[in-house]
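Have your viewer open and your selection tool ready.

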Amino acid sequence: MIATGLAIPAVRLQSMFRRICYLDGRLPRALASSLTYCVALVVSAGLMIALKLAGATAAMACIAISAALAGSLLLARTSELARPQARIFRGSLQRLFRNGRWFVATSLTYWIGSIGLIPVCGFLIGLDASASLRILLLVFAPLSQFCATMFSVRLPEIAAELRAGRRSAVAAAARENALLLGSIAAAYGTAVVLLGQRILALVIHGQSYEIGTGSLALMGAAMALDAVWLGLALPLFATGKPQRFMLSRIAGLVALCCVLPFAAEVWQVMGAVAAMVASSTASVITVVLTNSARERT
């Protein structure tokens, strides 16, 4: 727990500065920070293996050290940032309270339908099933990270289009993003279905998990729908309409709660993943309807 407590602030610091680089158009600096993190993580993990420290504490310590180094690299360039003024700071706090609470609530609903599903599965169908679900989410974690990065990079451009009053261009960009991210997710999911079992057999020793081709395919469908949803939701973020953004996530959460208890009992891990597919489908349908209503107004 101590190692985790040290790792979380370091990881959030590095993540915050990386997002600032995305929003400010300084992608080389974000790349340098990420490469620093990766190199430090590989080196520290190598030392951990050499010293035969295979516990969770050592792993979290590696993450903390690597993120702290990457964050320090970015902190060294804070002289380029303007000093905050009291008026601007108060205005930012007011805006954060007005809109931030909706984004926090949206993040919580998303967490419940993804990572939060792991302990729920442990309660419903056992710890082995929850571990299998966690492995599935890890297999698709690179795809989720890529989509989140694309979202951060594209957001300033969409916001600029809105400030210029070009709503038609924004709608077109949302459809293009949904098609792009959805296509990449579909290709990634296809590769996982074809190669996933072999990769898991190499990485995880002992067949103690319940992951078949069907579970991999369903998770690929859920992640592809999530990628489409992220692309379509860009205008809602850019326009500062977190209530509408949250509405799509609540619809997905309702679908998840309706499907999960029955599907997990009948199909175990595959049923839990099927519930995620239902949740993502409901979120996509809701955001499509929301965008259509916005375009009409």
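## A walk along the helices

Start where helix α2 ends: α2 is followed by Lys 52, which has a positive phi near 60°. Keep in mind as you look around that this is a predicted model.

Select Lys 52 on its own. Its phi is positive, about 60°, even though Lys 52 is not a glycine. Most residues other than glycine have a negative phi. Lys 52 sits in the loop between α2 and α3 (56-75). Is Lys 52 buried or exposed? Lys 52 is exposed, with a relative accessible area of 75%.

Now step back and select residues 27-50, helix α2. These 24 residues reach 34 Å from the first C-alpha to the last, close to the 34 Å expected at 1.5 Å a residue. Colour Ala 30, Ser 33, Ala 40, Ser 44 and Met 48 to see the buried residues of α2.

Next, show α5 (residues 117-125) together with α6 (residues 127-139). Their axes come within 7 Å and cross at roughly 150°, which makes α5 roughly antiparallel to α6. The crossing of α5 past α6 is right-handed. For the side of α5, pick Leu 117, Ile 118, Cys 121, Gly 122 and Ile 125; they meet Leu 127, Ala 129, Ser 130, Leu 133, Arg 134 and Leu 137 in α6. By class, this contact has eight nonpolar, two polar and one charged residues.

For the last stop, select Gln 268, in the loop between α10 (242-267) and α11 (269-296). Gln 268 is not a glycine, yet its phi is positive, about 60°. At 31% relative accessibility, Gln 268 counts as partly exposed.

Key:
Residues are numbered from 1 along each chain as its sequence is written. This is a predicted model: local features need pLDDT of at least 70, side-chain atom pairs count only at pLDDT 80 or more; totals for chains, interfaces and linings use all residues. Side-chain values use heavy atoms; hydrogens and water are left out. Axes are lines fitted to C-alpha atoms, for helices over the stretch in contact, and angles run from 0 to 180 degrees between N-to-C directions. Helices (H or I, at least four residues) and strands (E, at least two) are DSSP runs, numbered from the N terminus. Angles under 35 degrees count as roughly parallel, over 145 as roughly antiparallel, 65 to 115 as roughly perpendicular and the rest as oblique. A crossing is left-handed if the near helix is turned anticlockwise from the far one by less than a right angle, and right-handed if clockwise. Contact means heavy atoms within 4.5 Å. Ala, Val, Leu, Ile, Met, Phe, Trp, Tyr, Cys and Pro count as nonpolar, Asp, Glu, Lys and Arg as charged, and the others, Gly among them, as polar. The expected span of a helix is 1.5 Å times one less than its number of residues. Buried means under 20% relative accessible area, exposed over 50%, partly exposed in between (1.4 Å probe, protein chains only).
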